[in-house]
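Thank you all for making the time this morning. I would like to walk through one model with you, starting from a single detail and then stepping back to the whole chain.

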Amino acid sequence: MSSNPDEAARGRDAALAMAPERFAALGHALVDRLAAELGRLRERPVATGQTAAEVRAALGAERPLPRSGQDPESLLGEAATLLFEHSTLSHHPRFHAYIAASPAPIGMLAELLAAALNANVAAWHAAPMASEIEAQTLRWLAELVGYGVPADASMPCGLLTSGGSAGNAIAVQLALHAALPHSRVRGLAGARLAVYASDQTHAWLPRTLEQCGLGREALRSIASDARQRLSVDALRAAITADRAAGVQPLMVVGTAGTVATGAVDPLAAMAALCREQQLWLHVDGAYGAPAACLVGSPDAATLGDAAGDLAALALADTLALDPHKWLYAPIEAGALLLREPARLKAAFGAERPSYYGPADADDDGASGTDFHALGPQNTRGFRALKVWLGLRMAGRAGYQRMIADDIALAGRLAERVRATPGLELATEQLGVVSFRARPPGVDDEAALNALNRRLLARLQADGRAFLSPAAVGGRFLLRACIVNFHTTAADVDALPALVAELAATGPRG
Ligand SMILES: *Cc1c(COP(=O)(O)O)cnc(C)c1O
């Protein structure tokens with residue numbers, strides 16, 4: 001006997017089958033619910049302040065796997081309630097943490113469409129249009145940030161990844177293959193290599209050095225200046241010292257928008273040094289690279305003196321950027337762009353799984369791209385769709401406006417922080433503002449750090465705004481990152497007073 005009325009009439013009784021009419025009714029109900037939730041975000045706290053025990057209790061974390069199923073109508077409603085009541089809401093206008101973007105609604109719908117198609121963007125024949133859309137998306141990303149599109153258009157100019165960490169890691173692998181081709185077969189075999197990056201570089205780098213067997217000791221952490229930008233003199237000195245000691249410099253990693261303070265490294269000078277020293281230059285533009293769309297636009301002034309270095313993105317051998325940050329794509333979407341696309345095929349295309357059939361007869365562009373041969377993933381989701389639809393809906397001009405407005409709001413926040421008694425502004429660059437509470441008479445740095453740590457915990461539990469921390473020069477700071485097109489001037493104006501209020505009501509010292 002069939003227990004699923006949808007399929008009973010058709011023969012097979014599959015527990016997950018759903019008749020089109022029921023799918024439509026469920027989908028409409030879910031979209032209506034989401035529209036209502038998104039419409040009343042301001043009425044919800046941006047974060048709940050609940051403990052892990054409270055969240056686990058709400059979930060019923062200890063419950064065993066259900067033996068039999070439940071109707072999807074009640075399930076989807078329950079899941080939506082569970083999630084909206086126990087989540088930190090990145091699309092809330094007062095969410096300013098972690099450089100996590102507010103997701104574009106069109107991206108949410110794109111995820112549904114992509115899942116419905118279930119394209120496997122591994123083999124062209126498995127996903128012809130999705131593969132072409134990914135290739136076009138990559139080209140548009142390169143155009144948007146001024147990276148330039150390679151003359152050889154027969155291959156995509158990169159690939160989409162799960163995020164910045166994954167894209168950055170592939171760049172290190174490509175640099176390693178370029179410097180030590182034999183390492184692909186023989187491993188590192190005692191090679192002594194060095195990778196140079198500023199002391200502000202994101203944690204992906206030491207992790208990647210461990211993963212590729214280079215080891216953390218290969219990292220040369222170069223001092224940054226008072227504005228958290230890599231010191232080119234210190235970089236040159238470190239390269240010279242390594243060469244003298246018989247260590248082979250492998251690559252230089254620059255950052256366009258550091259995670260702590262939004263600093264843009266002196267990329268133009270770093271590119272010149274890399275050219276002179278014949279070193280691979282990788283730029284981690286995970287969050288900051290999209291701001292390069294403002295270079296040469298009427299809003300270029302919002303970039304301050306970072307404009308010249310953002311223009312130098314075009315000089316990088318490889319560039320990572322995250323559409324799930326400043327391009328407002330729902331998580332996950334990262335990208336790696338590269339100057340010589342053939343290097344990806346050389347790195348990942350050697351072993352062709354037999355189930356994809358023989359390689360197409362030509363590589364001249366007449367046949368489509370098999371993305372599995374360009375990266376470490378085999379089965380690959382259709383990440384491109386949400387990015388592509390966002391780029392089409394907003395266009396270059398739309399992104400320029402959103403990013404310039406985010407940066408301007410961050411500038412406004414910095415001014416308000418400066419004008420608020422008891423608060424001390426630390427940095428303001430590229431949409432990131434860092435500051436701390438500094439009550440009159442408290443001068444001891446350890447006491448200030450302890451006070452601000454407690455203040456941030458209170459703010460995160462309070463629910464009226466959500467910030468994350470940054471550490472700069474041993475100081476514990478509150479960091480607001482405006483990567484959120486829902487945030488308004490009024491939201492920004494309310495923040496300093498809220499922080500000052502919480503600082504005044506909390507325990508001192
Ligand atoms: C976010 C970020 C990363 C890591 O990217 P994921 O997408 O989180 O993997 C690396 N570098 C910088 C500068 C970032 O902002």
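Which residue in β7 is the bridge partner of L160? Keeping in mind that this is a predicted model, the answer is A335, and A335 is also the bridge partner in β7 of L321.

Let me place those residues in their strands. Strand β1, which covers residues 158-161, pairs with β7 in the antiparallel sense over four bridges, and strand β6, residues 318-321, likewise pairs with β7 in the antiparallel sense, again over four bridges.

Now to β7 itself, which runs over residues 334-338 and is mostly covered, with five of its five residues buried. In a regular strand the side chains alternate between the two faces of the sheet.

Stepping back, the secondary structure of the protein chain comes to 16 helices and 11 strands, and buried residues make up 49% of its 509 residues. For a chain with 509 residues, a compact globule would have a radius of gyration near 23 Å, and the 25 Å of the protein chain agrees with that. Its C-alpha atoms fill a box of roughly 75 × 65 × 45 Å along the principal axes.

Finally, if we take the contacts between residues at least 6 apart in sequence, 71% of them join residues at least 24 apart. As for charge, there are 46 positive and 52 negative side chains, and the centres of the two sets lie 4 Å apart.

Methods: Residues are numbered from 1 along each chain as its sequence is written. This is a predicted model: local features need pLDDT of at least 70, side-chain atom pairs count only at pLDDT 80 or more; totals for chains, interfaces and linings use all residues. Side-chain values use heavy atoms; hydrogens and water are left out. Helices (H or I, at least four residues) and strands (E, at least two) are DSSP runs, numbered from the N terminus. The radius of gyration is taken over C-alpha atoms; the globule rule is 2.2 Å times the number of residues to the power 0.38. Buried means under 20% relative accessible area, exposed over 50%, partly exposed in between (1.4 Å probe, protein chains only). Contact means heavy atoms within 4.5 Å. Lys and Arg count as positive and Asp and Glu as negative; His and the chain ends are not counted. The place of a charge is taken as NZ of Lys, CZ of Arg, CG of Asp or CD of Glu. Two strands pair if DSSP finds at least two bridges between them.
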